[in-house]
Amino acid sequence: MDARQANILVGETAAVVTAMRQNSKWAMVPRYMDGNGAGPGADDPLFEKFRTLRKRILTWAEWGDMRPNVFLEPFLDIVRSVETSGP
């Protein structure tokens, strides 16, 4: 994965988190990119996985060793979660 693909992946994580924030359950959760971990819902596992993924993407040096399940897991967890719903 090159830098362009990494930027796409970071953008998609931001898009999912933005969509989640439109739900009143997560409206007050601190921004996942701030990384301060303070406030209500800061330890929400769904947000934490996206925070961790973003950090990994920005620090991965060897893109050839990256397994797809590493970056797909947070997205699949959102789909599987009983806390989220479809449109």
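A residue is taken as buried when its relative accessible area is under 20%. By this criterion, the buried residues of helix α2 are L46, F47, F50, R51, L53 and I57. Seen down the axis of α2, these residues fall within an arc of 160°, so they line one face of the helix. Exposed residues on the other side of α2 include P45 and T59. The buried residues of α2 pack against α1 and α3. These assignments, like those below, refer to a predicted model.

The protein contains three helices and zero strands, and its elements follow the order α-α-α from the N terminus. Of the 87 residues in the protein, 32% are buried. The accessible surface amounts to about 5700 Å², and carbon and sulfur atoms account for 54% of that area. When contacts between residues at least 6 apart in sequence are considered, 47% of them join residues at least 24 apart. The mean pLDDT of the protein is 77, with 75% of the residues reaching 70 or more. Among the elements, the lowest mean pLDDT, 86, belongs to helix α1, and the highest, 89, to α3.

Helix α1 comprises residues 3–21. At 1.5 Å a residue, its 19 residues should span 27 Å, which agrees with the 27 Å between its end C-alpha atoms. The buried residues in α1 are A6, L9, V10, T13, A14, V17 and M20. They cover an arc of only 140° around the axis, which puts them on the same side of α1. An α-helix has 3.6 residues a turn, so residues three or four places apart point the same way. The face of α1 turned away from the buried side carries the exposed residues R4, N7 and I8. Packing of the buried residues of α1 is against α2 and α3.

Helix α2 covers residues 45–59. Its 15 residues reach 21 Å from the first C-alpha to the last, close to the 21 Å expected at 1.5 Å a residue. Within this helix, L53 counts as buried, with a relative accessibility of 2%. Leaving aside neighbours within four places in sequence, L53 is in contact with T13, W60, V70, F71, P74 and F75. For P74, the separation from L53 is 21 residues in sequence and 7.7 Å in space, C-alpha to C-alpha.

The structure holds one aromatic pair. The ring centres of F50 and F75 are 5.2 Å apart and the planes stand at 85°, so the pair is edge-to-face; the cut-off for that class is an angle over 60 degrees. F50 lies in helix α2 and F75 in helix α3 (residues 68–80), so the pair ties together parts that are 25 residues apart in sequence. Both F50 and F75 are buried. F75 is also among the residues in contact with L53.

Helix α3 also contains D77. With a relative accessibility of 14%, D77 counts as buried, because the limit for that class is under 20%. Not counting residues up to four places away in sequence, D77 touches L46 and K49. Of these two partners, L46 is listed among the buried residues of α2.

The loop between α2 and α3 holds W60. At 22% relative accessibility, W60 counts as partly exposed, since that class lies between the limits of 20% and 50%. Leaving aside neighbours within four places in sequence, W60 is in contact with L53, M66 and V70. L53 and V70 are themselves in contact. W60 and A6 are 54 residues apart in sequence, while their C-alpha atoms are 9.4 Å apart in space.

Definitions and conventions. Residues numbered from 1 in each chain as written. Predicted model: local features only at pLDDT ≥ 70, side-chain atom pairs only at ≥ 80, totals over all residues. Heavy atoms only, no water. Helix = DSSP H or I, 4+ residues; strand = E, 2+ residues; numbered from the N terminus. Buried < 20%, exposed > 50% of the residue type's maximum accessible area, 1.4 Å probe, protein only. Contact = heavy atoms within 4.5 Å. Areas by Shrake-Rupley, 256 points an atom, 1.4 Å probe, with all protein chains shown as cover. Phe/Tyr/Trp six-rings, centres within 6.5 Å; stacked < 30°, edge-to-face > 60°. pLDDT = per-residue confidence, 0-100. Expected span 1.5 Å × (residues − 1). Arc of directions from axis to C-beta.
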